[in-house]
Amino acid sequence: MRSATPWSDVVAYLVEATGETLYMVGVSTVIATLLGVPVGVWLQLTAKGGLRPNAAVHRVLSFVTDLGRSMPFIVLLVALTSVTRLIVGGSIGSTAVIVPLAVGAIPFVGRLVQNILSEVHVTVVEAAITTGASTLKIVRSVLIRESMPALINAIGVTVIALIGYSAMAGVIGGGGLGDLAIREGYQRFNDRILWSTVAWLAVLTTVIQLGFTRAARASDRRRHASV
């Protein structure tokens, strides 16, 4: 009968895998935010009733965004193998997984940002227009500023989704907590590692979500003004 893995070894495995997961998710979140936010802004600007309505551009952006969002991550992971190998020199490991994670998250962030910006009250935008503010200034000082709490929450939602995606990457040896659960837990019938990883993932996502929720509340100017 196989002896259970000592808890000290389980903790060591979890610490290492958590570092890999946070690395993958952190870098891909930064990339997705830097590229996804502009996509969302352009979706809103070119939409009907936006500051720069353009039906043709909006249709193209919407099509590409929805196509990216509809792609199952495990399919994207396999489809981008050649691209990943070209960019990072390999297709296995934590660094390699960043490529499909970022590509999959960009349209996700873009659509979230567009939906959030569309909720900014039209009178606030109109007031900025009457002062002669440029489109860039309205985007920065009105749309983004008024939407900051919701945008922070949206990034938090993205991080949680990426943690789930990174766990799927464990199927092809992507590293991180998903890889630990599959390779050391499931495939080796090690229930202690498997269920410890599952429990730790639940704790990790809860703590991260709580952090983003508090950050969003702290950035809410309207909430502070009413206190």
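In this predicted model, helix 5 passes helix 7 in a right-handed crossing, and the two helices pack at an angle of about 150°, with their axes 9 Å apart. The protein chain that holds them has 10 helices and zero strands, and 41% of its 227 residues count as buried.

**The chain as a whole**

- Read from the N terminus on, the elements of the protein chain follow the order α-α-α-α-α-α-α-α-α-α, and its C-alpha trace spans about 75 × 45 × 25 Å along the principal axes.
- Among the contacts in the protein chain with a separation of 6 or more, 72% are made by residues 24 or more positions apart.

**Helix 5 and helix 7**

- Two packed helices are described by the angle between their axes and the distance between the axes.
- An angle over 145 degrees counts as roughly antiparallel, and helix 5 (residues 94–117) and helix 7, at about 150°, are therefore roughly antiparallel to each other.
- On the side of helix 5, the residues in this contact are Leu101, Ala105, Phe108, Val109, Leu112, Val113, Ile116 and Leu117, while those of helix 7 include Leu143, Ile144, Ser147, Ala150, Thr158 and Tyr165.
- Sorted by class, the contact of helix 5 with helix 7 has 17 nonpolar, three polar and no charged residues.

**Helix 1 and helix 9**

- Helix 1 (residues 7–46) and helix 9 (residues 191–218) pack at an angle of about 45°, and their axes are 10 Å apart.
- Helix 1 and helix 9 are therefore oblique to each other, and their crossing is right-handed.
- Helix 1 brings Trp7, Val10, Tyr13, Leu14 and Thr18 to the contact, where they meet Arg192, Ile193, Ser196, Thr197 and Trp200 of helix 9.
- By class, this contact of helix 1 with helix 9 is made up of six nonpolar, three polar and one charged residues.

**The aromatic pair**

- The structure holds one aromatic pair, formed by phenylalanine 73 and tyrosine 165, whose ring centres are 5.0 Å apart and whose planes stand at 10°, so the pair is stacked.

**Two single residues**

- Phenylalanine 189 has its place in the loop between helix 8 (176–186) and helix 9, and its phi is near 55°, which is a positive value in a residue other than glycine.
- With 74% relative accessibility, phenylalanine 189 counts as exposed.
- Serine 94 lies in helix 5 and counts as buried, with a relative accessibility of 13%.
- Once its neighbours within four places in sequence are left aside, serine 94 is in contact with Glu20, Tyr23, Met24, Gly174 and Gly175.

Notes:
Residues are numbered from 1 along each chain as its sequence is written. This is a predicted model: local features need pLDDT of at least 70, side-chain atom pairs count only at pLDDT 80 or more; totals for chains, interfaces and linings use all residues. Side-chain values use heavy atoms; hydrogens and water are left out. Axes are lines fitted to C-alpha atoms, for helices over the stretch in contact, and angles run from 0 to 180 degrees between N-to-C directions. Helices (H or I, at least four residues) and strands (E, at least two) are DSSP runs, numbered from the N terminus. Angles under 35 degrees count as roughly parallel, over 145 as roughly antiparallel, 65 to 115 as roughly perpendicular and the rest as oblique. A crossing is left-handed if the near helix is turned anticlockwise from the far one by less than a right angle, and right-handed if clockwise. Contact means heavy atoms within 4.5 Å. Ala, Val, Leu, Ile, Met, Phe, Trp, Tyr, Cys and Pro count as nonpolar, Asp, Glu, Lys and Arg as charged, and the others, Gly among them, as polar. Rings of Phe, Tyr and Trp (its six-membered ring) pair if their centres lie within 6.5 Å; planes under 30 degrees apart count as stacked, over 60 as edge-to-face and the rest as tilted. Buried means under 20% relative accessible area, exposed over 50%, partly exposed in between (1.4 Å probe, protein chains only).
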